[in-house]
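Let's look at how the labels given to a structure follow from its numbers. Have the coordinates open and follow along.

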Amino acid sequence: MSKETIKIFDTTLRDGEQSPGASMNTEEKIQIASQLEKLGVDIIEAGFAAASPGDFDAIEKIAQKVKNSTVCSLARAIDRDIKAAGEAIAKANKQRIHTFIATSPIHMEYKLKMTPDEVIKRAVDAVSYARTFVSDVEFSCEDAGRSDIGFLKEISDAVIEAGATTINLPDTVGFRMPHEIAHMVKELSTYTKDRAIISVHNHNDLGLAVANSITAIENGARQVECTINGLGERAGNASLEEIVMALKVRSDIFGNFETNINTKEIYPTSRLIASITGIEPQPNKAIVGKNAFAHESGIHQDGVLKHKETYEIMRPEDIGLNTDDTLVLGKHSGRAAFKDKLAKLGFVLEDEALNATFERFKILADKKKDIYDDDIRALVTNEMTSAPKVYELVSLQLMDCSDGVPSAAVRIKKSDDEIVEASIGEGTIDAIFKTIDRISGMHGELRDYKVKSVSEGKDALASVTVKVAFNKDEPAIIGHGLNIDTMVASARAYIGALNSYISMQGKLKTNNNCDVV
């Protein structure tokens, strides 16, 4: 019996980015999209083209970069959004426009202030216009979970007639129980038959997003919308890794279904997303949490040592987690060995990026006795996702004592010039950031600061993530820094956020006459 393929629609770059503090720059989005393609995602929702010039730019570049996955842009059911989406994905090998309008009584009455007939007309017009740009159009009934089933059938008929190829039924507020999702999906899939693919997009407000997605598949959905690590606004979305591994591990139940996901890329993808967004999965997160394959109980340890399947229903290797992840490379290792190790970790770098990462590896190897795979992942991710370096840290000198005033002297390179400044602060970090502000002439407001050890040991590489607002009317910008010295990593993270902000402002000026925003 041939298996049915469940399409995986990943919205990490759109809905996932709506997680508070998870905004990404263009370079970071391109790197994530490339990894999602390697993961085997069928459709990548690359963003919301009409939201900002930065979103448009990122989607456009992703469309040119990605070759195998469909590149999709979200658009409200209004012409300017759809036009922006169509133009942003124009150069993609496979294109999709995803347009939506609310269909629940509460949304139509209080948010849209439209009658059901007006909503249907707007939906039909949107799909018809989207079809002038692409042949693959997805239509979403926002808040389908609280919509009338009869109205869902009526609007589905209308948009399918207008050219929609996928009908998405989002449980936008994560309200429905599995048996309710099952009923809605079965009704709509039976009704639409083969006229369109039924999709689901489940939010996790009650912790049921994955369960609701699985039951939807059992009842006729052939596309699921999800995110890496379950990212998304409020409580997040259905987790891609949990859905995919549930189908794979429980093949006794779901033997008729398959996905195109290369599960060995799940863990590398999860780590990349966590590194870029600064949002780590909770330790006990299914599949990708750091405790997912950890055993502390003596009884469990004894069982696993005797036979792993006593307490492990899947192997770490199945998701690309190497349990022997010590990197046997050091300061005497050559470029060829380093490049080979990168390939084993799933990274293929162009010469310029390879050279830059190798240089940083050699510097790290001079200071650190044991280097782990996670150290290398952090180095590569930091190099490949960094914004153009307008400012670059040259040196940092600090002074602090129990009764003294913390101060920092910073030397920064800008173009061919080196600028030196010093400042005092309420603490060492504050002094560093104030000095960078003096050099740049900008004023950043620190919204969040996180530091974590990339690997283990006293000489562990410190990874610092900051969120800085350089304009109170704009979202905070994420910056990343790596170094054995936490203070140096902090300075690099702040400068990284500053460079990203300057890069975004440059794109804004370039696009300020564009009619798609």
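Predicted model: local features only at pLDDT ≥ 70, side-chain atom pairs only at ≥ 80, totals over all residues.

Q: How do you describe the way helices α2 and α3 are placed against each other?
A: Two packed helices are described by the angle and the distance between their axes. Here the axes of α2 (residues 53-65) and α3 (residues 79-88) come within 8 Å and cross at roughly 35°.

Q: Why is D136 called buried?
A: Its relative accessible area is 17%, and buried means under 20%, so D136 is buried. D136 sits in the loop between α5 (116-130) and β6 (137-142). Beyond its neighbours within four places in sequence, D136 is in contact with T70, Q95, R96, I97 and T165.

Q: What makes the pairing of the D136 and T165 side chains a polar contact?
A: The distance is 3.0 Å and the cut-off is within 3.5 Å for a pair of N or O atoms, so the pair meets the distance limit.

Q: Why is helix α8 called mostly covered?
A: Eight of the ten residues in α8 (209-218) are buried, each under 20% relative accessible area. They are A209, V210, N212, S213, I214, T215, A216 and I217. After α8 comes G220, with a positive phi near 120°.

Methods. Residues numbered from 1 in each chain as written. Heavy atoms only, no water. Helix = DSSP H or I, 4+ residues; strand = E, 2+ residues; numbered from the N terminus. Buried < 20%, exposed > 50% of the residue type's maximum accessible area, 1.4 Å probe, protein only. Polar contact = N/O pair within 3.5 Å; in protein donor to acceptor, adjacent residues only side chain to side chain. Contact = heavy atoms within 4.5 Å. Axes fitted to C-alpha atoms, helices over the stretch in contact; angles between N-to-C directions.
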